Amino acid sequence: MPSQPSKDLETFDNPQPDRDYTIRINIPEFTCLCPKTGQPDFAEMTLEYVPEKLCVELKALKMYIWSFRDQGAFHEAVTNEILSDLVRATQPRFMRLSAEFNVRGGIYTTVVAEHRAESWVAPAAVKLP
């Protein structure tokens, strides 16, 4: 049976919950529809997060992203909706979703949305010589 789009976000246990580390996921083929014209909008998304207890499963993420293909949504709304769903599923220490939408009418749009757990403090950046 072929894969189908799905709003279900499966997770798995963080293999290193005692360590702050960053997971970066590049999503180069996001599509949704312009809510005004119905024309397709294309974006490259980058998901970055510091997990707490759970990580998002990649195939489930792919099916979730696919579920937006036929959905009309403003860039700002869809970026924040995806971030909210991912935060709800994984409860990360920190999560950032950057969405770089392709040109439409001579205008590029980039939307960056972030979540930070109240109790989490980012470690100091290490600058090596």
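The model is predicted: local features need pLDDT of at least 70, side-chain atom pairs count only at pLDDT 80 or more, and totals for chains, interfaces and linings use all residues. Residues are numbered from 1 along each chain as its sequence is written, and side-chain values use heavy atoms, with hydrogens and water left out. The protein has 2 helices and 6 strands, where helices (H or I, at least four residues) and strands (E, at least two) are DSSP runs numbered from the N terminus.

**Overall fold**

- Read from the N terminus, the elements follow the order β-β-β-β-α-α-β-β.
- Along the principal axes, the C-alpha atoms fill a box of roughly 45 × 40 × 30 Å.
- Of the 129 residues, 36% count as buried; buried means under 20% relative accessible area, exposed over 50%, and partly exposed in between, with a 1.4 Å probe and protein chains only.
- Among contacts (heavy atoms within 4.5 Å) with a separation of 6 or more, 68% join residues 24 or more positions apart.
- The protein exposes about 8200 Å², of which carbon and sulfur atoms supply 52%; accessible areas come from the Shrake-Rupley method with a 1.4 Å probe, and for residues only the protein chains shown count as cover.

**Aromatic pairs**

- A search of the whole structure finds 4 aromatic pairs. Rings of Phe, Tyr and Trp (its six-membered ring) pair if their centres lie within 6.5 Å; planes under 30 degrees apart count as stacked, over 60 as edge-to-face and the rest as tilted.
- One of the pairs, Phe30 with Phe68, is tilted, with 5.9 Å from centre to centre and 50° between the planes.
- This pair links distant parts of the chain, 38 residues apart: Phe30 belongs to strand 2 (residues 23–33), and Phe68 to the loop between helix 1 (58–66) and helix 2 (75–90).
- Both Phe30 and Phe68 are buried.
- Ring pairs join Phe30, Tyr64, Phe68 and Phe101 into a cluster.
- The charged end of Lys7 sits over the ring of Phe68, 3.4 Å from its centre; the criterion is NZ of Lys or CZ of Arg within 6 Å of the ring centre and within 35 degrees of the ring normal.

**Nonpolar core**

- A nonpolar core is a set of buried Ala, Val, Leu, Ile, Met, Phe, Trp, Tyr and Cys residues joined through side-chain atoms within 4.5 Å.
- In the largest core, which has 27 residues, Ile25, Phe30, Leu47, Tyr49, Leu61, Ile82 and Leu86 touch the most other members.
- At least two residues of this core come from each of strand 2, strand 3 (40–50), strand 4 (54–56), helix 1, helix 2 and strand 5 (94–104).
- Beyond residues up to four places away in sequence, Leu86 touches Leu9, Leu47, Val56, Leu61, Gln91 and Met95.

**Individual residues**

- Thr90, in helix 2, counts as buried because its relative accessibility is 1%.
- A polar atom of the Thr90 side chain lies 2.8 Å from the backbone oxygen of Leu86.
- Apart from neighbours within four places in sequence, Thr90 is in contact with Thr11, Leu54, Cys55, Val56 and Met95.
- Asp85 also lies in helix 2 and is buried, with a relative accessible area of 18%.
- Asp13, in strand 1 (residues 11–13), is exposed, with a relative accessible area of 61%.
- The C-alpha atoms of Asp13 and Lys53 are separated by 5.9 Å, although the residues are 40 apart along the chain.

Notes:
Polar contact = N/O pair within 3.5 Å; in protein donor to acceptor, adjacent residues only side chain to side chain.
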